[in-house]
Amino acid sequence: MPSNSYSGFLRTASPARRLHYIFVESMSSPKDDPILVWFNGGPGCSSMLGFIQEIGPYKIEDYTDQIDANPEPWNKRANVLFLENPAGTGYTYHTNPEDLSWITDHLQSVDTFTAIRDFYDGWPEYLSNKLWITGESYAGIYGPYLAYQIHTWNKEILAKRQTGQHVTAGKEIYNLAGFIIGNGATDFNYDTAYVYAETVHHYKLINDTIYKEYQDLGCEYWYRDLRRKANPVRCDQIYYDVVRAVFSEYNIYDLQRKKTKRETPAAEGRILQQDHHLLKSDPIDTPYVSEYLNKAEVREALHIPKQVPKFEVCNDQILDGYRTQLEGSVWIYNAMMKDYRILHYSGNTDAAVATAGTKKWIKNQNYPVTKAEREYKTDGVFTGHITEYGNFWFATVNGTGHMAPQWKRKEVTQLITNFVHGIPI
């Protein structure tokens, strides 16, 4: 490792569950650089994907069977805490099988906040560093919910101190600066299934005639049927046989990519299920990720107990039992954007959590624009557009999909680094 790193387990709200973490210190100035907490999504997909494919110090590229140094890790100028969540994901573990059927957006955040407090108990020297919560995909729920837990905790502690009430020793104020989400589920009224048709039409993967018929019929679908509408029968025919059929040929996480022979319907084809889940398996054929993380010497180096089951990239049992809440996380943006900085970035060839849906929920909030949409660049080359709504910034990352930090490494690492350090973008 090019900097100090640590792997272990953090406590949760229950002694029956433990969350696995890897903490990688900054390559620049650990004592001064911020801490970025990272989540992958799913629900039920391991944050080890972020560590070993996207933003960590090493990388396994798609379709390869080797591990190399990552030239653009996020820990160039940040300390990064990779946290696997919920219990049962990746290396995390639980001793009560019923734990996999109770998980909600709120309850998982109780566990992650408990884990964060446990982390700071072990590393109190980092309490003064700025703290950012980050992630992608369903971390668009995990991240803001954890940020809100920290926000409310800090408010309660401050209120007690200001009114002279006793505060138990060890109840610290955490230096939360904000949160950063990439291609994240946020408002299920607009995200995912609601804009599938619009997105594949935008990329000319269905024709104008079919899309016009879909619009004229008023067809509407939502993630996991969180909302339902009595669509005409013809809507179902278009939605399942035409719109979603696109994902049998093109990768839902990047519509620029046709699926390879190795990416079988057993993986991506499951998105065609009627429950409108996000993908239940890894989006790109990456068997070496699981193979590598199941090596005995790797597990030993990461201090994984022998009783922890075999590593899986995504745990379908968690996804099937997870209870998504219709309200998503957009309400947290509204509650926190006055006092914290927030960045939501979107790789614009993603269809799973498409840019079109993100733009719709932002528009629906009627946030006042404080700085109009502008181009931003990386090394003088066009990267995307940024619009500022006070403390909330929305950025697109052009020509890439869901895993923008992996597929546009330099561009996204520079975007994140500049944002958290207050460097003009």
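Student: What percentage of the 425 residues in the chain do buried residues make up? Against that background, please look closely at Arg-299, in helix α8.

Tutor: This is a predicted model, in which local features need pLDDT of at least 70 and side-chain atom pairs count only at pLDDT 80 or more, while totals for chains, interfaces and linings use all residues. Residues are numbered from 1 along each chain as its sequence is written, and side-chain values use heavy atoms, with hydrogens and water left out.

Buried residues make up 59% of the 425 residues in the chain, where buried means under 20% relative accessible area, exposed means over 50% and partly exposed lies in between (1.4 Å probe, protein chains only). The chain holds 13 helices and 15 strands, both being DSSP runs numbered from the N terminus (helices H or I with at least four residues, strands E with at least two). Among contacts (heavy atoms within 4.5 Å) between residues at least 6 apart in sequence, 73% join residues at least 24 apart.

Arg-299 belongs to helix α8, which spans residues 296–301. Arg-299 is buried yet has no salt bridge, a term that requires a side-chain nitrogen of Lys or Arg within 4 Å of a carboxyl oxygen of Asp or Glu. The nearest side chain of opposite charge, that of Glu-84, is 9.4 Å away; in this count Lys and Arg are positive and Asp and Glu negative, whereas His and the chain ends are not counted. Leaving aside neighbours within four places in sequence, the residues in contact with Arg-299 are Tyr-91, Leu-293, Asn-294, Ile-304, Pro-305, Lys-306, Val-308, Pro-309, Lys-310 and Phe-311.

For a contrasting case, Lys-229 lies in the loop between α5 (208–216) and α6 (233–243), and it counts as partly exposed because its relative accessibility is 40%. Not counting residues up to four places away in sequence, Lys-229 touches Gly-218, Glu-220 and Trp-222. The C-alpha atoms of Lys-229 and Gly-218 are separated by 9.9 Å, although the two residues are 11 apart along the chain.
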